[in-house]
Amino acid sequence: MAYLQALLDGLLIGGVYAVISIGLTLVYGVMGIVNFAQAEFLMIGMFVAWFAWAYLGLDPVVAAPLSFAAAFAIGWVVQGQLIGRVLKAPAVAQIFLTVGVLILIENSALMLFGSQFRSVTTPYQTMSLQLGPLFVSVPYLIAFVMSVLCGAVLWWFMGFSWFGRAMRATAQNPTAAQLMGIDTAFMYKMAFALGVGLTAFGGAVILPYTTVFPTVGGQFVVLMFTVVVLGGLGSVAGAVIGGLTVGVVQSMSTLFFPIQLQNLVLFVVFILVLAFRPQGLIGAAR
Amino acid sequence: MTKKFLDGVLPMSRRHVLATGGAALVAAPFVRRAGAQSGTVNVGVILPLSGANAQFGINSRNGIELVADEINAAGGIKALGGAKINLVVADSTSTPTTAATVAQRLITQNEVSAILGAFASSLTLAISEVTERRELPLLTMSFADQITGRGFKSIFQVVAKASVLGAAQLDYTRAIAEAAGQKLEKVAIMYEDTAYGTAQAEGLRQAAKKAGVQVVMDDAYPLGITDATPLINKLRTSGAQAVFPVSYLNDSLLIIRTMRQQKITIPAIGGAAGYVIPDFEKGLGEFAEGVLSISPANYDLAPELTDRFRKRFGYFMVHEALEHAVCMDVLAQAIEKAKSSKAEAITAALRGARFEGGWTKAMTGGAVQFDDTGLNTLSVPVMVQWRNKELVSVWPKEYAKGEAVWKS
Amino acid sequence: MRRWIIFGLLIAVAAALPLFLDARGYWIRVLTLTLLFAAMGQAWNIVGGLANQISLGHAAFFGIGAYTSTLLLINFGLSPWIGLFAGAALASVAALVIALPTMRLQGHYFTLATLAFGEVMRVIANVWSSLTGGPVGISVPFMAPDPLMYSFRTTVPHAYIALLALLLVTAVFVWIDRGAMGYRLRAIKGNEAAAEVIGVNTMRVKLSAAVISGALMGALGTLYVQLALFFDPDTAFGLVPISVRVALIAIIGGVGTALGPLIGAAFIIPLEEFANDLLSSGAAGLSQIAYALVLIAVILWRPRGLVTLFDAVSSKVRKKP
């Protein structure tokens, strides 16, 4: 019984992990860059949603598209002015540039918004549904549903829209894509902006049950990377599987081990998976 | 493109420009400030002004500034001819070794006579390694037991120890429950796993053992936890009559909200930190009402003093601001007593001494008395309760400003 | 040749500076930290530069060294000089343990697996309070100055020890780079499959590099905590304060070059201090913003590291078609 509850909780929260991590894997898949600043866009999304709630009275889930748009715009500029310049540089330079961007965004938020912990109060925040003996937390459920929706839209976009196909072409072979008339620089901006926008969307969706403050990204950054690498860098399906796996492992591990070791168990599982499948669960074999 | 631009601006003499620029940068700090001019006393303030504890660091700084400005407005340090207090504020960051390097800088470059800080015990402990070897006084409200447990002679802690705080958290609750007709027999402890939570939980545990109360759940959780459901699931099945969470803000909100979701209505008695700041009430709204928490001190014990903070900064004087204000006042009194701005003299004036009047009235006990380990023996924790967006002291009776409301 | 002149000059300056600085002051501490981080960056460089494996988990080795020597000192009164070797030995065992499952991992997967390892060590140190003191941290015991017990009255000996450590680690780096192992590592870097085919035992080479790097890092952990005196799991096994910083230093300076980590440390550590000194009393976060802007600017300007500044002549020659 406790197993079922833990499994359910793990799946719900795993869905959320998936939606905030999809953006990260998208950026890697198209541009080959591991964006350490990704979690900062989560924070940006959360702040935008909070302000929309505080000043416009919008529920954060409703304001999620606004978060997406804001992060999209900021991401567009960041890619164009900063990341774009190091696409040809060694991978390490790219990584540490994103680390610099991380510090910049986090502390700009501190300076602009202050250090207070802000959260929203929504009517459904303390509600839960009861399926027999099981509790289903309503904010988690809503977040999960939004994640599924988001994933579905993205899947359609990548598979069936011109932009999506152009992005996949750019990812597979930038030179060939260029020869086919695709403006790869534009595509990179699109991919990055889309990626961070998705993470920001996720941030808005989880705001009802968390708090936002400038360093909140730090709580999620290692989780996001675990999700993405576990599933296989660059694979959207991998991010989904990875997210669900991480959620379930985290949740079910508390039945057997102290809660304090939650992340330890997760990391050990992570390392073991990689030891046997170096490309991640879904990642393409090299 | 950037490279071409820079090449155009800095041609062949690139290295030359770099060299001179570098030299200027290196020379700058040497060229700046001379030591304390007569007429000022430099006091170092090292607090986390960025990173996860930024809010607490900023609150603390506000408390110190309030008192320093008051002292200066009233004529400064009279024993030194009206010398003004000059606060030298620096960000400790969240890394203890950086905090120690900052302390070193303040001592040798800014010639501070004392240091106040650094909220988080690990930062304070790191700084104390530097200040102790210089016999420079360090005044703090960090409360890990280790701070006063190493036999150091120049560290001064104005609040009770973590284990005492934890014990009070449990003992006061039992008393309040008993007064309301309930005997507590089974309790749950949950705590975030940094120095703060771990130390206080130990106090809770020991007090429970001594009182014969059964601890049916005793779980640590990682600080950045994003989901409290496993904790609350465990709580639900544990049969506890009350829960003692020791948390910062993010986790405190997660815990209380998840408890509500699962319709768990047993009383939660918080362990200070996240439970006693305005953001807690802002986050929970009506669900904050009636939540109890232990606190090292509370602003309603001396409203004539703490209202000045509210007037200047716009929110009630949170306990870390209050305690740092007391540190500043005690330091000023010690400098008056020592009639000197030399660190060793101030340390000697602080050691084992009693300080009254001024902001010391805001502490429980109405004064500050340091024993030879540097601990303020008069400080007694208070139990506070959220009432209508304010924190009201409700226990022990001699400090209570309101009746404790116990909802079992 | 040019780079060696620069290296020699910087070392000479570092050796001479302690004579002019306040022996218990701030600048000597900054110098010591710079040299220690340069040494750590160099140890990281062995794996990150020569083997091209970007590790973000080097704090694991560092922390093992730090805790080993300190716990031996506290519990058995063993001199940190000996504890240093014990720490290095344990760290090399850890390197072996980490290297085995991560051997086949490519690029970013390797990086994140090492990150996970560092975090695993941190959580273990946090939870195993009976051994490590837990999150409250531990201190090197307060003792009277005694060189045999690595306790000094001033910071000056720490600075010279750090300088020697840097020279030693650099010597190891150069020995590997110029020797047969470096040759094999470059072969692996170029094309691992091809290297295997021509008979390079890729597993043994990578493992050796990892073990050497880990052992050195562990020893440096001891040196560091003897200076810092107090540390906790977040300090010793810290992702940001150690793992990321050490990699950043090597990369800003020039990954894979012997001069890189020294230049990187000489740039980053003082930069952090200046930003904190000049700006941290102002608006919250301002000093970090300034630091980040400088970091971003330097990476954009010199993505291959500051060491390329000293190749001004050779790059100009290459520019001609």
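**Notes on chains A, B and C of a predicted model**

1. Of the 321 residues in chain C, 59% count as buried. A residue is buried if 20 or more other C-beta atoms lie within 10 Å of its own, exposed if 12 or fewer, and partly exposed in between, with C-beta atoms placed from the backbone.

2. This is a predicted model, in which local features need pLDDT of at least 70 and side-chain atom pairs count only at pLDDT 80 or more, while totals for chains, interfaces and linings use all residues. Residues are numbered from 1 along each chain as its sequence is written, and chains are lettered from A and ligands numbered from 1 in the order in which they are written.

3. The model has an ipTM of 0.89 and a pTM of 0.90. For chain C the mean pLDDT is 90, with 97% of its residues at 70 or more; pLDDT is the predictor's confidence in each residue, from 0 to 100.

4. Chain C contains 15 helices and two strands. Helices (H or I, at least four residues) and strands (E, at least two) are DSSP runs, numbered from the N terminus. The C-alpha atoms of chain C fill a box of roughly 65 × 40 × 40 Å along the principal axes. Its radius of gyration is 20 Å, which agrees with the value near 20 Å for a compact globule of 321 residues. The radius is taken over C-alpha atoms, and the globule rule is 2.2 Å times the number of residues to the power 0.38.

5. In chain C, 76% of the contacts between residues at least 6 apart in sequence join residues at least 24 apart. Two residues are in contact if their C-beta atoms, placed from the backbone, lie within 7 Å.

6. Where chain C meets chain A, 36 residues of chain C are in contact with 37 residues of chain A. On the chain C side, α5 (107–127), α12 (239–253) and α14 (286–301) each supply at least two residues. The largest share, twelve residues, comes from α5(C). By class, this side has 28 nonpolar, five polar and three charged residues. Here Ala, Val, Leu, Ile, Met, Phe, Trp, Tyr, Cys and Pro count as nonpolar, Asp, Glu, Lys and Arg as charged, and the others, Gly among them, as polar.

7. The contact between chains C and B takes 31 residues from chain C and 34 residues from chain B. On the chain C side, α2 (26–50), β2 (230–231), α13 (260–279) and α14 give two or more residues each, and α14(C) gives the most, with four residues. The residues of this side divide into 15 nonpolar, twelve polar and four charged.

8. Chain B has 13 helices and 14 strands. The radius of gyration of chain B is 23 Å, close to the 22 Å that the globule rule gives for 408 residues, so chain B is as compact as a globular protein of that length. Buried residues make up 58% of chain B.

9. Leu231(B) lies in helix α8 (residues 229–238) of chain B. Leu231(B) counts as buried because it has 24 C-beta neighbours inside 10 Å. Leaving aside neighbours within four places in sequence, its contacts are Ile259(A), Met190(B), Asp219(B), Tyr221(B) and Ile255(B).

10. In chain A, α3(A) has a kink of about 30°, centred on Leu66(A). The bend at a residue is the angle between axes fitted to the seven residues ending there and the seven starting there.
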